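Here are my notes on the charged side-chain pairs. Please read them with the model open.

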Amino acid sequence: MNEILKGHVKSKSTNKALLLFRNTWRRRGRRDDCSIDSYTVLFVLKACMIRSCEEEIKHVHALVLKLGFHCIVFVQTMLVNSYSGARLVKDAHKVFDEMPERNVVCWTGLISAYVDNGRPDRALKLFREMQMENVEADSVTVTVALCACADLGALEMGEWIHSYVRCKRGFKMDLQLKNAVINMYAKCGDIGAARRMFDELGRSRNVTTWTSMIVGHALHGQAEEALRLFEEMRSRKHGVMVPNDVTYIGVLMACSHAGLVEEGRRYLESMSKECGLSPRMAHYGCMVDLLCRRGQLNDAYQFVVDMPIRANAVVLRTLLSACSLQGNIALGAKVRRQLLETEPDHASDNVIMSNAYAAAGMWDAKEMVRAQMKHARKVPGCSSIELKSSVHKFISGDSRRQALRNSARS
DNA sequence: TTAGGGTTAG
């Protein structure tokens, strides 16, 4: 049965996998050869992880305890990963805490869990704890830790990790890790270091290497270089290098930062025509941003109306912010009405609109929005700085400073 | 037979 389960999970047929397991579970006891073992629950947990269903994971977790498989490290690691996939980081951490022995894979699983769930600061703290427990990081752990640095903008920590892997004897830096280094430098503001690493890679670059560098240049406002790299990537010089949908996000971001409307439209069109890729919300979002930055608000609105998919709140908010900044009250009010349908109770939309009314001297309208805001949920603003490889987080309206002691140099 | 890799709009 395990082989069939494995096949279903591999082909992402999670329904079939769970159905097979349920039937086998029901039949248990009637036959002597009940084939449920720790491998079975491992595959079932993997199916649950793909589905990210909280109830299913908790149900299988209960079964794991009942069957006595809770001390098997493979099962425990899969539980950590499954809980993380369902955004239940506390549960993932609880499983980890209860593990009698932890190896590098389960440490990496929990570090990834925090990165995946928007807590890169906690991820780096764990990375340091892991080292203090003398568990040696491997290339996967380091790749994930570098991603946490990139998310936090923690350049010092990223540099330390980079020099650690370069100096450590016998440590093999594979391409995925090198790509993570490029991404870390680009996101942490050292575009020169990112580019040096990219140049060093030469012919061993893959599509992710190219994409990371294109996105990096775009984020630094170096649109010309980003687009030049894209054209170079597509030239025969580098063999067959097919851009993917993320590469196109980088290209559209570059166009947006440089105000290249026509080029942006052309790239969006070429995405499906030349590469057979379907634009996603993020691509349309880039185009809306591009039109807005050029001051073409009506074109941006028409673009949203003509989009083959319904605009999400992020796209509408891009448009609303641009209307507010450029003083287009009428269009702003129209977009805000759509936003209220798409995502009501988002305080920042009302703040944007209220400020727009205030800037236009429309005090009654402003007061009306302010009155509505009293019932809205407010999410506090948050920022962080890195000092001597420690990340310090500040929450607005909160005098407490959360010093996150994740010093790297221990 | 068994666990981990992270280039994504604002």
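1. The structure holds 17 salt bridges. The model is predicted.

2. Start with Arg-195 and Glu-225. Their side chains form a salt bridge, with N to O at 2.8 Å. This pair joins distant parts of the chain: Arg-195 sits in helix H12 (residues 191-201) and Glu-225 in helix H14 (residues 223-234), 30 residues apart. Arg-195 has 17% relative accessibility, so it counts as buried under the 20% cut-off. Glu-225 is partly exposed, at 23%.

3. Next, Arg-228 and Glu-232. Their closest N and O atoms are 3.2 Å apart, in a salt bridge. Both residues lie in helix H14, 4 residues apart, so about one helical turn separates them. Arg-228 is partly exposed, with a relative accessible area of 39%. Glu-232 is buried, at 16% relative accessibility.

4. Which residues are linked in a network of salt bridges? Arg-195, Asp-199, Glu-225, Arg-228 and Glu-232 are.

5. Now Arg-234 and Glu-274. The two side chains meet in a salt bridge, N to O at 3.1 Å. This pair also links distant parts of the chain: Arg-234 is in helix H14 and Glu-274 in helix H16 (residues 261-275), 40 residues apart. Is Glu-274 buried or exposed? Glu-274 is exposed, because its relative accessible area is 56%, over the 50% cut-off. Arg-234 is partly exposed, at 33%.

Technical notes: Residues numbered from 1 in each chain as written. Chains lettered and ligands numbered in written order. Predicted model: local features only at pLDDT ≥ 70, side-chain atom pairs only at ≥ 80, totals over all residues. Heavy atoms only, no water. Salt bridge = Lys/Arg side-chain N within 4 Å of Asp/Glu carboxyl O. Helix = DSSP H or I, 4+ residues; strand = E, 2+ residues; numbered from the N terminus. Buried < 20%, exposed > 50% of the residue type's maximum accessible area, 1.4 Å probe, protein only.
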